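Have the model open while you read.

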Amino acid sequence: MKMVAAGFLVLATVVYVLSGIFAGPVWLGYVHAAAEASMVGALADWFAVTALFRRPLGLPIPHTALIPNRKNLLGASLGDFVGNNFLSEQVVRGRLRRAEISKRVGVWLSQRDNALRITSELANVARGVVTVLRDEDVQAVVEHAIVQRLMAIPWGPPLGKLLGQVLADGSHHKLVDLLCDRAYEWVRDNHAAVQRVVSDRSPSWSPKFVDSLLADRVYNEILGFAWSVKTDVNHPMREAVDRFLIDFAGDLQTDPLTMERAEQVKHQVLTHPEVQHVIGTTWENAKRMLLDAAEDPSSELRKRVLEGLISLGERLETDDSMRDKVEGWLESGAAYVVTHYRAEILTLITDTVERWDAEETSRKIELQVGRDLQFIRINGTVVGALAGLVIYACSQYLF
């Protein structure tokens, strides 16, 4: 394109020279004037185009080599332009609203093949994350999150409050019924044990038949008592248990001695070897379950994720209120980003431009837009010729 534009200048120069040598006919004057103006236009536009990228003929003419000299200023201007026209809150909100992202995502996600693809990708991500994590680090986090938190929280008041709510609702009655049933069944099935206890506690001089009669009497009394407690919901024994539990729930919340005992029980439970073993293997078990579920396409976890994604897509497609809510989240999130981090985003543009080499930048830009700029030189040559022709014609007519 540079050669073509230069060719127009050369052609105008040749015409100018020939029309000057063979001066005579009137029409050659018009050609000569047009060629002269064409050269002026070509040279002027060559200077203008060249001045953008370098100093014409290497001369230190002011306001030339604009791109190399003002590269940083151009980068800052570009950043301001992007910030004002693309990263403003109003523009971002409007663009997201018109894009209807949630509806498009819903339509796409409601198709089973797409949901399967997302499920598979999520499984790959989960498998990769679980594999990369160091077991000892995760285990340390789990122990810190479980053991230390449980150690730091007093058990007495919350347990007392929970027990009080259970007692107020009467939910404990089923447990009391179960204990009473099991107690009656034990007494009914352990007549020999009662006899043995009575015989062991009786005097050595007591006859065996007396011990047997006494044991039978004791057994029948205990069995009758157990039956009464089992069948009578208003039995004094049951009422005594309720009163004990109510008092115990209150003591757990207010009595310092009871609360301290609850703390001792807490430490005994949490420091027990079996409990420590369960906590220590928590991550190993969870990791194995996650890996198995992620690798098995028919696992319950992947099925639930798949159905959840399809359901989410259908709701986003049909439920206007949910779609509006999601759109609001997207707009608010994008607005927050451009409002609070616009300067950092624009710094990416300005810093990148500042790191560019001035000469290399000028060369790259010239390669990208130089072809179109050479048309300016060509147009300048042609328009200059036409303007010179008109000016010469007008001067001949007027003067």
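In this predicted model, Glu 331 is buried, since its relative accessibility is 8% and the cut-off for buried is under 20%. Glu 331 forms a salt bridge with Arg 93, at 3.6 Å from N to O. That pair ties together parts 238 residues apart in sequence, because Arg 93 sits in helix 5 (residues 89-99) and Glu 331 in helix 18 (residues 320-355).

Arg 97 also meets Glu 331 in a salt bridge, this one at 3.2 Å. Arg 97 is in helix 5 and Glu 331 in helix 18, so here the linked parts are 234 residues apart.

Next, a pair elsewhere in the chain. Arg 238 and Asp 177 make a salt bridge, with their closest N and O atoms 2.6 Å apart.

The whole structure has twelve salt bridges.

Here's how the other paired residues sit:

| Residue | Relative accessible area | Class |
|---|---|---|
| Arg 93 | 24% | partly exposed |
| Arg 97 | 49% | partly exposed |
| Arg 238 | 8% | buried |
| Asp 177 | 29% | partly exposed |

Now for the surface. Val 10, Val 14, Val 17, Leu 18, Ile 21 and Phe 22 make a nonpolar patch of about 560 Å². Phe 22 lies in the loop between helix 1 (2-21) and helix 2 (26-53), and counts as exposed at 53% relative accessibility.

Methods:
Residues are numbered from 1 along each chain as its sequence is written. This is a predicted model: local features need pLDDT of at least 70, side-chain atom pairs count only at pLDDT 80 or more; totals for chains, interfaces and linings use all residues. Side-chain values use heavy atoms; hydrogens and water are left out. Patches are made of residues with over 30% relative accessible area and no salt bridge: like charges are joined within 9 Å, nonpolar side chains (Val, Leu, Ile, Met, Phe, Trp, Tyr) within 5 Å. Accessible areas come from the Shrake-Rupley method with a 1.4 Å probe; for residues, only the protein chains shown count as cover. A salt bridge is a side-chain nitrogen of Lys or Arg within 4 Å of a carboxyl oxygen of Asp or Glu. Helices (H or I, at least four residues) and strands (E, at least two) are DSSP runs, numbered from the N terminus. Buried means under 20% relative accessible area, exposed over 50%, partly exposed in between (1.4 Å probe, protein chains only).
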